[in-house]
Amino acid sequence: MNLPGLSCTGQSSITPAAVDLRPETEWRFEVGLDSIVTVKVLQGHAEIFGTELAVGPTYTFTTTKLSIFTWRGCRFEWSGDPLAEYISEESVMGSYANLHFALEKLRMQAAEKDTQYNKEVIKEVDIITSGSGQEGEGPRVLIIGPRNSGKTTLAKILTAYAVKMNRCPMVVSLDPKEGMLSLPGTISAASFSTMMDIEEEESWGSSATTGPMHIPPKNPAVYYFGSDSPTDNIRFYKSLVSRLSLAISSRLAVDHKARISGCIIDAAGIIDQKEGYDLIDAIVADLSVDVVVTIGNERLYNDLLKRYQPRKQIAVLKVQRSGGVVEHDASYMRSIQRQMIKQYFYGPPKTALSAFTITADISAMTVYKRSEQSHLVSSSALPIGSDETTAMLSLVTKIEVSPALQNAILAVLYASPGDTEDDIAEASVMGFVHVLDIDEVKKKLKVLMPIKARLPSQVYLVGSYHYLE
Ligand SMILES: Nc1ncnc2c1ncn2[C@@H]1O[C@H](COP(=O)(O)OP(=O)(O)OP(=O)(O)O)[C@@H](O)[C@H]1O
């Protein structure tokens, strides 16, 4: 065990090492790719990013960077081979909990307004028309900050605390590289009413798998962007965010509890370019954000304060970055993404599944990719008098099924080959397949699917993700 505040090089422990955590301190640990660390809480209260650990069971962690925090003190034992482990007395959980209580107050106000509204509706059915804007709606919180500032962690903490208070917030992940409840390359939203799976750091509660799970599965709305960074194709990204916001609104319209609970939106870490601020503006407008939380960046906070303060209905707040946040380098991120793709087809380690290989005619598959950003026509380059909207290329382009697709991950869209390109560009994701082989001579292809079925006769969208078994 290390002295509080002194980081260590990591020690391995075959026989369990016992740790007594004092109130409001945290034990931070990192586990490498091929290593395992097990933790068993012996007594007291312990939580990982807001989700409580039960006393008794053994939790197993691999490829992860986490912290066990306690409000009232706890005793636990761990064993295994962490890359690093230390106790920190400088936890920021107090300020994150304050933020949670401030949001909870807004939810209570929304619930009150909703009750008032419902009473009025019952009294004056004829006068009040639906959508009059009187219904209570919980806070829509956007978390923004630089890369590796702890945005996703804060989103998880706020979600876990809200769920503990019997809320079911709509969690929105706008960071394509993370692929919440789906695969990398996606943006998604799901209403959370159950706890998250703490053994999987990059997971939000259940892997994107078709198998049985020990935590009830969420039913996310998913759109496929196809690569890690929104700046790869801002126009396509913004169009998907707009689509996702419509999907969220229609879910909230029929789910009273989720509407009162509000939204927790985890943004991608783009703040340093001009297009970063434009993107924030677009997200704030599309998703009707009313609370912007900046994390770990004073300049961002001040810039956004100037931008949004005049609009009284948007509150801009700042919270501290936790000293425990660890940078994800590119190779770590790739291994996490590989793991997510593998689990989609073969299930998580605890519930291994079989994937199915099927052979089909090349002609049975209709594949699109998103149009290149550079191909999009700017209005200044158009001949005078031409209409900008009609001159713009479509957001997606049809491509040939060729060996270039070998090993590619394709999103199966809720769109049919006969649909227009505009419809295809707006379609949400049904699932994914993995192209194993393409034989141009025999005009056949082999794909891996997570369930036993015929090749869906849908439209497929290819992105930049490949998988090699
Ligand atoms: N207090 C902590 N102790 C240990 N690890 C932590 C702590 N807080 C966050 N981490 C870890 O730090 C890493 C980065 O955090 P997180 O993913 O929340 O940052 P982010 O800003 O969302 O990153 P990105 O910009 O890549 O989206 C994660 O692996 C997370 O589990």
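Student: What are the ground rules?
Tutor: In this predicted model, local features need pLDDT of at least 70, side-chain atom pairs count only at pLDDT 80 or more, and totals for chains, interfaces and linings use all residues. Residues are numbered from 1 along each chain as its sequence is written.

Student: What makes E12 and E13 a pair?
Tutor: Strands are DSSP runs of E, at least two residues, and helices are runs of H or I, at least four, numbered from the N terminus. Two strands pair if DSSP finds at least two bridges between them. Strand E12 (residues 186-191) and E13 have four bridges, in the antiparallel sense. Ile-187 stands opposite Tyr-223 in E13.

Student: Why are E13 and E16 called edge strands?
Tutor: The open sheet runs E13-E12-E11-E14-E10-E15-E16, with mixed pairing. E13 (221-224) and E16 (315-319) each have a single partner strand, so one side of each is left without a neighbour in the sheet. Neighbouring strands here are turned by 15° on average, direction ignored. Axes are lines fitted to C-alpha atoms, for helices over the stretch in contact, and angles run from 0 to 180 degrees between N-to-C directions.

Student: Which residues of H3 are buried?
Tutor: Buried needs 20 or more other C-beta atoms within 10 Å of the residue's own; exposed is 12 or fewer, partly exposed is in between, and C-beta atoms are placed from the backbone. Among those that qualify are Phe-236, Leu-240, Leu-244 and Ile-248.

Student: Why is the ligand said to lie between domains?
Tutor: Domain 1 (13-88) and domain 2 (93-319) both give residues to its shell, so the ligand lies between them. Domain bounds come from an automatic or database domain assignment.

Student: Which residues come nearest to the ligand?
Tutor: A residue is near if its C-beta atom, placed from the backbone, lies within 6 Å. Of the 21 residues around the ligand, Ser-67, Thr-152, Thr-153, Gly-269 and Gly-324 come nearest.
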